[in-house]
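Trainee: Could you show me how to read salt bridges and helix faces in a model like this one?

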Amino acid sequence: YEKRNEYEKLSRLYDTLHRAYNKIMEVIQSGRRLLGTYFRVAFYGQVFFEEEDGKEYIYKEPKLTGLSEISQRLLMLYGEKFGQENVRIIQDSNKVNPKELDSRFAHIQVTFVKPYFDEKEAPEKKTDFEKCHNISRFVFETPYTLSGKKHGGVEEQCKRRTVLTTAYTFPYVKKRIEVVGEKQVELKPVDVAIDEMKARTAELTKLCSSQEVDMIQLQLKLQGCVSVQVNAGPMAYARAFLDDSKPNPLGSKKAKELKDIFRHFVEACSLALDINERLIKEDQLEYHEGLKSNFKEMVKELSDIIHEQF
């Protein structure tokens, strides 16, 4: 167009680009782009599924699809094929032993999964689009305790992280892709504590660094972070794993890692409180003072536990 001096066409072209980039900026700032939700779906029952028996797939669904919605849809779909009375949905994420299932029924296991990125990949996936494009690994976690219960106190809470690999990458021409690989990692209670504290710190940091801070989300995260409840929240991890007055203290490596995370966590909470103070209106001053008071109590107790001033 430039060589032919077709300026009207150039004008239309650049106008299209201008509107496209404006749309990208609008989506990034609002965070409202709906890129999809993923589920692991496994089929059990040789009589019903034949060659599909024992196979697992990752299904890509519209962003706002819930676990109950896809489960109900699969129940209806296969109920029409095999008879409603012959189909059972398994919503437990634990590993299924097909031999323990009743062979008179078709069993479908449905589990919510998220795209998985290792420590090297994660920093490169900055936008929601990048986190949903060219992906083939997905993760879900299953809580358990050594006593057999699903949930327990922080000193006994373990979790199993399962990473699934698909045959192809999403987006794909089909809405489901077969799972061809699986890797499991067992997290001990202290590893769960480290993992949870890393996640809380990252969430707060991300909220604080947004161009347009979501004040409601910020306050919800802050409330959960600076809570001084005895049996819940970050301080429960500090009391359980960093208090050297208790028996069986952590090894120096794990203790150092958890202490480092708590230092970053306190910094993130402090920054979030500063941002919240700038954003709130007069009618929320009392609520903010409550958050600050809880934060000071948390920092004081944490200082006493790890013998360090913040």
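Mentor: A salt bridge is a side-chain nitrogen of Lys or Arg within 4 Å of a carboxyl oxygen of Asp or Glu. This is a predicted model, so local features need pLDDT of at least 70 and side-chain atom pairs pLDDT 80 or more, while totals for chains, interfaces and linings use all residues. Residues are numbered from 1 along each chain as its sequence is written, and side-chain values use heavy atoms, leaving out hydrogens and water.

Trainee: How many salt bridges does the structure hold?

Mentor: There are 26. In one of them, the side chains of K175 and E61 meet at 3.0 Å, N to O. That pair links distant parts of the chain, 114 residues apart: K175 lies in the loop between β6 (157–170) and β7 (176–187), and E61 in strand β2. Strands are DSSP runs of E with at least two residues, helices are runs of H or I with at least four, and both are numbered from the N terminus.

Trainee: Is E61 buried or exposed?

Mentor: Buried means under 20% relative accessible area, exposed over 50%, and partly exposed in between (1.4 Å probe, protein chains only). E61 has 3%, so E61 is buried, whereas K175 is partly exposed at 42%.

Trainee: Which residues of helix α6 are buried?

Mentor: In α6 (residues 215–225), these are L218, Q219, L222 and C225. They lie on the same side of α6 because they cover an arc of only 125° around the axis, taken from the directions from the helix axis to the C-beta atoms. The face turned away from that buried side carries exposed I216 and L220.
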